[in-house]
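Hello,

Here is the structure we spoke of handing over. Please load it first, then read the notes below it.

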Amino acid sequence: MSATWSGTPSIWGPTLSIRMALLTISLAGVQVVWGFEMAYCSPYLLSLGLTKSIMSLVWIVGPLSGLITQPIVGAIADRSRFRWGRRRPFMLLGTILAGAGLLILGWVTEIVGLVVTDGHTARILSIIIAILAIYVLDFSINAVQASCRALVVDSLPAQQQQIGSAWASRMIAIGNLAGYFVGTLDLKSIFGTAFGDTQIKQLCFLSFMTLLTTVSITSLSVAERVLVSRSAEDNKGLFAVLKTIFNTMFHLPTRIGAVCRIWFFAWIGWFPFMLYSTTFVGEVLQRYDVALRETLQKSEDLLGDIARVGSMALVVYSTISLAASLSLPWIIQTPESESLRKNRSDKHRKLYAILEFLELYRPDLATAWFIGHIMFAVAMFLTLFIRSVAFATFVVGSCGIPWALMTWAPFAFVGEEINRLQDDVPGIRRRHGTYNRLSTDDRHHDEEQYPMMELSHPSLGGTECPSVPALMDTEVQSPEGGNELSGIYLGILNVFACLPQFVSTFISFVVFSILEPGKSPEFADGGDVDREGRVVERGKVNAIAVVMGMGGFSVLLAAHYTMRFKNG
């Protein structure tokens with residue numbers, strides 16, 4: 001199988017850091033939307049009167065949309081021949097659809113009010129439309145995320161996959177921090193009613209505008225190589241796409257399959273944390289933290305204040321995640337080549353000396369990921385013993401370090417392997433699951449001479465193809481390889497993040513049905529209260545904590561398979 005290409009990938013920017021930031025900033029916008037959905041939609045659905053068990057079934061849309069959307073969009077994009085490239089058209093289309101879902105979700109009451117006047121009917125219809133809007137949002141944002149991730153892999157050669165993934169992790173952390181921090185603010189007092197007359201409306205509008213802005217920046221800053229033609233056997237429509245996905249999933253390269261296995265078990269633990277952490281902190285406040293609860297009893301917007309307490313815990317989590325994503329690439333062992341060691345910048349000599357001294361104690365990326373799994377598992381076990389908001393905030397915040405590794409390590413490993421499937425790049429040395437990193441000294445990239453970074457992939461013969469300006473008429477034929485299937489491989493990686501979410505949803509449904517079968521007393525109108533209006537505790541054990549603790553055991557399995565991956 002062969003494909004014909006026009007042009008080479010290029011990224012605008014005078015320095016390496018700026019180019020990496022422009023390439024990955026779209027993921028910050030994606031994460032703002034994910035953060036809004038994960039942090040605020042669960043309390044919102046509970047406030048509409050849904051039980052936790054029913055709410056857990058609503059959230060099955062997350063894994064369902066990822067399971068369907070990402071591999072299919074990735075495979076279709078792999079075959080697309082748009083003159084703008086294979087990824088950016090899907091990023092922009094998905095952004096528009098995600099915006100529609102956000103705006104419908106925020107203004108669902110007004111939309112329903114245009115056609116229904118009966119109060120009870122309007123409430124039921126509002127719930128249905130809100131759930132449908134969440135479904136539209138989930139499917140579309142998955143398409144955007146798949147395209148953004150594939151664009152990073154397509155635009156960078158093998159040597160820069162790890163640093164590209166590190167920058168993606170930073171942008172995700174920035175998006176998390178920005179989204180959660182805005183949620184702690186009283187937006188109506190800041191913007192008035194310009195973006196809506198409620199907090200949820202303003203969050204929906206700002207999330208959409210952030211996504212649109214960041215995706216547009218990446219789309220304008222990156223030029224993709226264009227697929228001109230493929231072999232006739234690759235042009236058989238949707239059935240061929242599905243067949244390719246199915247066959248590839250069951251014949252994955254060994255190391256990509258190992259990463260997928262790790263992710264499967266890790267996400268069984270991460271999914272309930274992402275969905276219920278805000279709700280969990282709010283319930284700790286209402287059930288156990290008597291002193292803090294009494295200070296909020298006089299509040300006119302008790303539900304909003306509870307949500308803000310949960311959001312503050314996520315701000316701490318996001319801040320730690322961002323700090324970890326910035327510092328871990330320096331701490332984790334990524335040995336440089338001898339040529340780069342000789343050309344180190346004098347102004348960084350002291351820093352390099354310190355790093356060399358610590359070289360023996362620095363873990364490689366696989367080891368760091370293993371440590372992250374252990375940290376997260378311990379945090380999930382601790383949720384069973386939390387009785388104060390301060391302790392809950394500490395535990396949630398500590399998960400920022402393993403999350404930084406979760407958004408870096410798997411994509412770095414898979415990105416490297418995808419590029420290696422196409423070509424054996426000389427000079428890249430693998431050592432216990434760790435790959436060489438590009439020097440942090442920007443002098444070695446001729447950045448002052450070339451405002452555009454034109455990246456060419458090595459040919460089969462092992463020599464580099466000449467760099468040509470993006471979108472020129474120059475056409476290159478290459479065999480079907482790693483980069484041509486990058487969308488499918490990354491989509492399959494996402495499948496292994498979605499399948500465990502079905503497992504986690506089933507576990508949540510069973511636990512919630514047994515321990516807390518009725519409405520949420522903390523969030524729902526008409527929840528369980530005593531005669532004095534105080535919340536009635538249903539038991540000594542928090543159902544969400546039980547679900548999180550059970551997820552911790554699965555993450556321990558992920559840690560086991562990570563060590564096997566490291567030693568394999």
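A contact here means heavy atoms within 4.5 Å. By that rule A409 touches L365 and W369, leaving out residues up to four places away in sequence. Please keep in mind that this is a predicted model.

**Overall**

The protein has 21 helices and eight strands. Of its 568 residues, 58% count as buried. Take the contacts with a separation of 6 or more: residues 24 or more positions apart account for 84% of them.

**Cavities**

Rolling a probe the size of a water molecule over the atoms shows where empty space is left. A search of the whole structure gives ten cavities of 30 Å³ or more. The largest cavity has a volume of about 490 Å³. It is lined by 31 residues, and those closest to its centre are W34, Q145, W267, W403 and N494.

What is the make-up of the lining of the largest cavity, by nonpolar, polar and charged residues? The lining divides into 19 nonpolar, ten polar and two charged.

Several helices each supply at least two residues of that lining. They are helix 1 (16-47), helix 3 (61-79), helix 6 (119-155), helix 7 (161-183), helix 11 (254-287), helix 18 (400-406) and helix 20 (486-515).

Helix 16 covers residues 365-382. Its 18 residues should span 26 Å at 1.5 Å a residue, and its end C-alpha atoms are 26 Å apart, so the two agree. At the start of helix 16, a side-chain oxygen of D364 comes to within 3.2 Å of the backbone nitrogen of A366.

The buried residues of helix 16 are L365, A366, T367, A368, W369, G372, H373, F376, A377, A379 and M380. Both contacts of A409 named above, L365 and W369, are on that list.

A409 itself sits in helix 19 (residues 409-422). Is A409 buried or exposed? Its relative accessibility is 0%, so A409 counts as buried. A409 and W369 are 40 residues apart in sequence. Their C-alpha atoms are 6.8 Å apart in space.

**Helix 9 and S207**

Helix 9 runs over residues 199-221. It has 23 residues and reaches 33 Å from its first C-alpha to its last, close to the 33 Å expected at 1.5 Å a residue.

Its buried residues are K201, Q202, L203, C204, S207, F208, L211, T214, V215, T218, S219 and S221. An α-helix has 3.6 residues a turn, so residues three or four places apart point the same way. That is worth a look when you view this list along the axis.

S207 has a relative accessible area of 4%, which means that S207 is buried. Which residues does S207 contact, leaving aside its neighbours within four places in sequence? S207 is in contact with V32, V33, F36 and L102.

**Helix 1 and L23**

L23 is in helix 1, which also supplies residues to the lining of the largest cavity. L23 has a relative accessible area of 0%, so L23 is buried.

Apart from neighbours within four places in sequence, L23 is in contact with I11, L151, V152, S155, L156, T218 and V222. Of these, T218 is among the buried residues of helix 9. L23 and G13 lie ten residues apart along the chain, with 9.9 Å between their C-alpha atoms.

V511 belongs to helix 20. At 9% relative accessibility, V511 counts as buried. Leaving aside neighbours within four places in sequence, V511 is in contact with E516, A543, V546, V547 and M550. V511 and V546 are 35 residues apart along the chain, and their C-alpha atoms are separated by 7.6 Å.

Where does N542 lie? N542 is in the loop between helix 20 and helix 21 (543-567). Its relative accessibility is 4%, so N542 counts as buried. The side chain of N542 makes a polar contact with the side chain of E283, at 3.2 Å.

N542 touches F280, E283, R287, Y288 and E516, not counting residues up to four places away in sequence. E516 is also a contact of V511.

Best wishes

Technical notes. Residues numbered from 1 in each chain as written. Predicted model: local features only at pLDDT ≥ 70, side-chain atom pairs only at ≥ 80, totals over all residues. Heavy atoms only, no water. 1 Å grid on protein atoms, 1.4 Å probe; cavity = no way out; pocket = protein on both sides within 12 Å on 5 of 7 lines; lining within 4 Å. Points joined across faces, edges and corners; volume = space filled by probe spheres on them. Helix = DSSP H or I, 4+ residues; strand = E, 2+ residues; numbered from the N terminus. Nonpolar A, V, L, I, M, F, W, Y, C, P; charged D, E, K, R; others polar. Expected span 1.5 Å × (residues − 1). Buried < 20%, exposed > 50% of the residue type's maximum accessible area, 1.4 Å probe, protein only. Polar contact = N/O pair within 3.5 Å; in protein donor to acceptor, adjacent residues only side chain to side chain.
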